[in-house]
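Biologist: Please show me the model, and let us then go through some of its features by question and answer.

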Amino acid sequence: MYEAGRYDVIVIGAGHAGVEAGLAAAKRGAKTLMLTLNLDLIAFMPCNPSVGGPAKGVVVREIDALGGQMGKTIDKTHIQMRLLNTSKGPAVRALRAQADKVLYQQEMKRVLENQENLTLRQGMVEELLVEDGAVKGVKTETKACYYADQVIVTTGTFMRGKVLIGDIEYQSGPNNQRPTITLSEQLDDLGFDIVRFKTGTPMRVNSHSIDYSKTEIQPGDEVPRAFSYETTEYILDQIPCWLTYTGEVTHQIIDDNLAKSAMYSGAERGTGPRYCPSIEDKIVRFNDKPRHQVFLEPEGRQTDEVYVQGLSTSLPEYVQKEMLETVPGLENAEIMRAGYAIEYDAVVPTQLWPTLETKKVDGLFTAGQINGTSGYEEAAGQGLMAGVNAAAKALDKETLILDRSQAYIGVMIDDLVTKGTDEPYRLLTSRAEYRLLLRHDNADLRLTDIGYDMELIPDERHERFNHKQELIEAEIKRLSEVRLKPTDDVQQTIQDKGGSPLKDGVLAVDLLRRPEMTYETIVQLAPRDHELPVEVEEQVEIQVKYEGYIKKSNQQVDKMRKMENKKIPENLDYDDVDNLATEARERLKRVRPLSVGQASRVSGVNPADVSILLVYLEQGKHAKVAANE
Amino acid sequence: MEQDTIAAISTPLGEGAIAIVRLSGDEALAIANHVFSNKDLTQVDSHTIQYGTLVDPKTDEKVEEVMASVMKAPKTFTREDIVEINCHGGMVSVNRVLQLVLRYGARLAEPGEFTKRAFLNGRIDLSQAEAVMDLIRSKTDRAMSLALKQMDGRLSQLIRDLRQQLIETVAHVEVNIDYPEYDDVEEMTNELLKERAQNVKNEVHTLLRTAKQGKILREGIGTAIIGKPNVGKSSLMNILAHDDKAIVTEVPGTTRDVIEEYVNVRGVPLRLIDTAGIRETEDIVEKIGVERSRQALQDADLILLVLNGNEPLTEEDRALFEAAKDLDAIAIVNKTDLNQQINMDEVREVAQGSPVITTSLIEEQGIDELEQAIADTFFDGEVDQGDLTYVSNVRHIQLLEQANEALDDALESMEMGMPLDLVQIDITRTWELLGEIIGEDVSESLIDQLFSQFCLGK
Ligand SMILES: Cc1cc2nc3c(=O)[nH]c(=O)nc-3n(C[C@H](O)[C@H](O)[C@H](O)COP(=O)(O)OP(=O)(O)OC[C@H]3O[C@@H](n4cnc5c(N)ncnc54)[C@H](O)[C@@H]3O)c2cc1C
Ligand SMILES: Nc1nc2c(ncn2[C@@H]2O[C@H](COP(=O)(O)OP(=O)(O)OP(=O)(O)O)[C@@H](O)[C@H]2O)c(=O)[nH]1
Ligand SMILES: [Mg+2]
């Protein structure tokens with residue numbers, strides 16, 4: 001054993017959570033060490049070579065607005081990008097990019113290497129150093145001891161990982177990396193509640209062996225797009241994906257071999273996510289569907305590996321092969337890596353404070369898949385928050401908790417620490433009750449100021465952001481003052497758009513509110529004397545058109561905030577609160593919510609319990625006043 | 001501190017002739033004023049009582065004549081603005097008043113909430129905090145079991161069905177949003193969504209209409225006892241109620257106002273209304289009473305028309321039959337212990353098929369037959385328990401009305417061509433409101449629905 005150094009913050013793992021955690025902590029000024037199993041696999045994507053999508057894509061933008069890295073890196077390394085849900089409302093639009101998996105890793109590594117205050121090192125952490133309920137550092141396999149009062153664990157699916165293919169099983173991390181055994185056992189010993197989850201991935205096949213003529217092309221958008229508000233250079237040379245389908249024969253093969261699937265062989269297994277079912281699950285649960293979609297996604301520009309989205313499986317390799325033979329275009333597909341399922345340990349997330357610090361061990365934070373989530377974006381969002389808060393604790397700075405109306409990241413963390421999860425948790429737009437406020441287009445408006453306060457956003461960017469805000473406000477103000485008269489010109493334009501003619505003069509904003517009107521048309525009628533960036537135009541249009549709905553949501557938020565602002569002391573003794581229903585008391589004791597609002601979301605706590613809690617807290621306040629008098 | 005304005009009936013159910021609806025909060029004066037017609041309540045002095053009529057501003061319908069006590073913060077029980085509306089008309093009218101203020105911006109108070117506010121606003125001292133918490137607990141538990149009891153099995157099934165329709169629709173919209181690349185899930189269209197929303201709205205509307213009948217069940221069937229002076233109306237009331245509340249004398253015109261009593265006749269809840277004998281009169285007080293009787297006759301669901309067997313049928317009797325023509329009625333020929341002067345064939349003829357019962361109230365004869373006739377009218381007649389689903393709980397009605405509004409908003413947005421994911425906000429809200437009626441937890445069920453209805457994933 002040797003003393004290898006002292007840091008403010010140590011991050012274990014350099015996956016999607018670890019990367020953001022390390023960068024955020026270092027940017028806030030904490031001397032940060034990152035330890036990871038393999039420096040060649042930083043921010044490795046063990047599954048889909050893709051970033052974003054509904055809700056998840058918004059998270060990437062939120063990360064970016066908070067000064068995180070994911071958006072910038074994918075902007076530089078994607079092979080195609082698309083804006084989804086363009087035919088729907090602004091609240092649900094989202095970007096998705098297909099990643100060049102290898103480039104993504106290399107780019108992330110370069111960013112970490114260049115980050116001030118950040119030390120990157122290869123090594124397997126074997127043990128957390130814990131004294132008197134507080135973490136003091138970590139010890140590696142090679143007997144190096146690193147000291148820090150803040151440690152963030154982001155070890156993903158490595159925790160007692162076990163790979164399953166047919167009847168073969170072996171202890172392993174994803175993609176045959178070494179599993180993490182001792183750390184997981186130690187968490188158990190420290191008294192953490194651990195659950196066993198599972199997930200799976202499909203096979204990768206060689207591009208040369210695919211007959212693309214039997215598939216449909218899925219190109220990226222022609223308009224250049226980017227996640228990051230800082231990106232100025234766009235990748236125009238995109239690579240398409242391809243679509244094909246399973247058929248009745250495929251399903252028959254799967255059905256015949258069901259008993260050979262690791263997940264259907266009858267053995268007790270961890271809980272898998274419903275939103276990412278294996279092809280076996282799909283056949284069993286929806287046996288009336290004649291076909292299922294299969295997307296063929298290239299894994300990068302420099303490789304011939306193609307990810308077969310839709311066929312996630314833990315069937316034996318030879319059955320995987322038989323299955324492929326029945327899918328148009330894949331009849332001769334050569335499997336380069338077989339699909340597999342992986343089972344792993346996760347920490348029950350209600351054991352965390354909303355800062356992602358564990359309640360059991362002072363200074364110990366967890367983020368990413370270890371908290372029961374699944375997905376790169378979910379991991380990255382938590383990583384950033386844990387990094388910010390670990391640094392805050394180390395340097396005695398302000399902590400950051402986002403609420404449910406501020407960000408999907410806030411929704412996710414609140415769900416995790418308040419309700420927990422009994423399957424791998426994925427963000428969906430329907431988890432957000434204020435999703436009209438949590439849009440992809442306004443992530444910067446929601447979060448840049450916060451990122452700036454947390455020292456994650458440089459001055460120059462903050463100024464640019466302020467300028468954008470001013471432009472938006474000014475343009476809305478202008479439109480609220482311009483009155484359009486029912487001239488022939490105006491009437492004609494309105495008619496061309498299919499609207500009913502004006503009876504009287506009308507304010508430009510009011511005309512814009514009409515469903516058939518766009519900002520573009522309004523500007524024709526009410527010309528401005530300066531150019532505006534597209535993002536500004538977009539904001540003006542959205543903010544004006546959906547003002548009614550936005551207001552309604554904001555009213556709900558105000559109500560929610562009132563309860564959120566009623567704080568509960570961390571160490572409140574719920575046994576002292578008479579009259580709470582027994583179930584509510586037990587749940588509250590476990591979750592230890594920090595506000596009355598959070599308490600009201602704990603399952604099993606009903607409105608009467610909330611009232612009783614309020615009265616109890618008020619009583620404490622009165623008592624204090626009385627004592628001071 | 002808590003901004004919204006709450007309202008509740010603050011007299012115990014069924015006790016006392018006067019019932020009070022209490023409003024507390026920043027908007028108490030404004031809301032009360034909005035439905036109060038005679039004076040501007042926001043301008044009157046604090047701690048005064050105002051007489052006036054409550055009018056539903058949307059329909060201009062008169063709801064009730066009331067007295068409103070206006071008490072401005074901070075010298076009030078809750079330290080917030082308080083308006084107390086006193087109504088005379090018993091439970092039915094007090095319920096109507098409550099629903100009116102709920103419709104125009106008040107929220108139904110949680111159990112014990114007035115006291116809770118009093119405490120939180122520093123009106124009640126520390127030593128009483130325990131008591132406040134006790135009160136909240138016990139009131140909540142009682143209210144919950146009460147609400148459950150009032151929840152008719154068919155009603156909860158109906159609400160469950162509606163919610164299922166809604167959630168399938170919502171899940172469909174959601175899946176289009178969260179999994180845009182899946183082509184085997186057809187796109188939810190505006191037309192389809194509109195059709196579903198309209199369907200649910202129709203059902204909610206019907207429920208709200210039956211809510212009125214629901215009240216009949218819970219509050220009793222409004223049953224007016226009418227007849228000429230001195231035929232034995234008050235005696236009948238007392239016998240059915242096993243009580244001597246109404247004054248009985250041999251002087252015609254004894255009863256000068258409407259008297260109400262809740263009774264249960266063979267399982268049928270009646271709100272018995274004894275009236276002043278109807279005749280042309282010069283006496284001012286009696287005149288008002290007679291006017292009220294005519295009113296009672298109009299509001300009643302069932303008429304007990306009393307005749308004196310000791311005298312022949314008069315023009316006045318015939319006029320009463322005429323007035324009760326389109327209503328459920330039972331004719332009672334009383335005083336059979338005396339010499340029969342009335343011609344029963346004539347009675348049957350004017351009764352036009354309504355049951356005719358003979359009684360001697362003094363000797364308690366014919367009461368069984370009368371009770372049976374009342375029960376039969378109820379169970380065979382129009383107010384048939386079997387066909388209708390009743391909503392009677394005020395909270396349920398408020399939630400239904402809110403659901404109705406949310407559906408209106410959704411339909412309006414569709415009309416305006418708003419994107420489905422926005423329309424869906426109001427549909428989801430409807431689903432949540434209906435869920436509150438049957439006390440169903442909302443948190444995970446949408447996501448459960450999403451994954452059981454559609455096949456998704458990599
Ligand atoms: C087979 C498979 C299928 C998946 N399928 C999906 C899917 O369908 N959908 C989806 O959304 N997500 C899926 N995922 C999950 C997604 O990959 C993760 O959610 C995401 O990578 C989690 O990020 P993370 O940072 O928490 O962990 P990871 O990205 O796993 O990173 C963990 C990091 O910790 C390091 N590490 C582990 N143990 C130690 C140790 N003892 N000492 C030092 N370093 C250590 C590792 O080297 C690695 O850098 C899948 C994952 C796998 C493995
Ligand atoms: N003999 C006899 N007298 C009866 C009978 N029922 C009521 N009376 C008497 O008739 C008189 C009037 O009875 P009430 O019950 O006061 O009659 P009412 O219809 O309420 O009269 P008003 O309130 O004055 O309109 C009383 O003296 C009763 O005792 C009956 O069945 N037989
Ligand atoms: Mg009388």
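Modeller: A residue counts as buried under 20% relative accessible area, as exposed over 50%, and as partly exposed in between, with a 1.4 Å probe and protein chains only as cover. This is a predicted model, in which local features need pLDDT of at least 70 and side-chain atom pairs count only at pLDDT 80 or more, while totals for chains, interfaces and linings use all residues. Residues are numbered from 1 along each chain as its sequence is written, chains are lettered from A and ligands numbered from 1 in the order in which they are written, and side-chain values use heavy atoms, without hydrogens and water.

Biologist: What percentage of the residues of chain B count as buried?

Modeller: Chain B has 458 residues. The cut-off for a buried residue is under 20% relative accessible area. By that criterion, the buried part of chain B comes to 53%.

Biologist: How many aromatic pairs does a search of the whole structure find?

Modeller: Rings of Phe, Tyr and Trp (its six-membered ring) pair if their centres lie within 6.5 Å; planes under 30 degrees apart count as stacked, over 60 as edge-to-face and the rest as tilted. Over all chains, the number of aromatic pairs is 2.

Biologist: Why is the pair of A:Tyr7 and A:Tyr146 tilted?

Modeller: The ring centres of A:Tyr7 and A:Tyr146 are 6.4 Å apart. The pair links distant parts of the chain, with A:Tyr7 in the loop between β1 and β2 of chain A and A:Tyr146 in strand β10, 139 residues apart; strands (E, at least two residues) are DSSP runs, numbered from the N terminus, as are helices (H or I, at least four). The pair is tilted because the angle between the planes is 50°.

Biologist: Which residue forms an aromatic pair with A:Tyr212?

Modeller: A:Tyr212 lies in the loop between β15 and β16 of chain A, and its partner in strand β17, 30 residues apart. This pair is tilted, with 4.8 Å centre to centre and 40° between the planes. A:Tyr212 is partly exposed because its relative accessibility is 22%.

Biologist: Which residue lies over the face of A:Tyr7?

Modeller: A charge sits over a ring if NZ of Lys or CZ of Arg is within 6 Å of the ring centre and within 35 degrees of the ring normal. A:Tyr7 itself is buried. At 4.8 Å from its ring centre lies A:Lys31.
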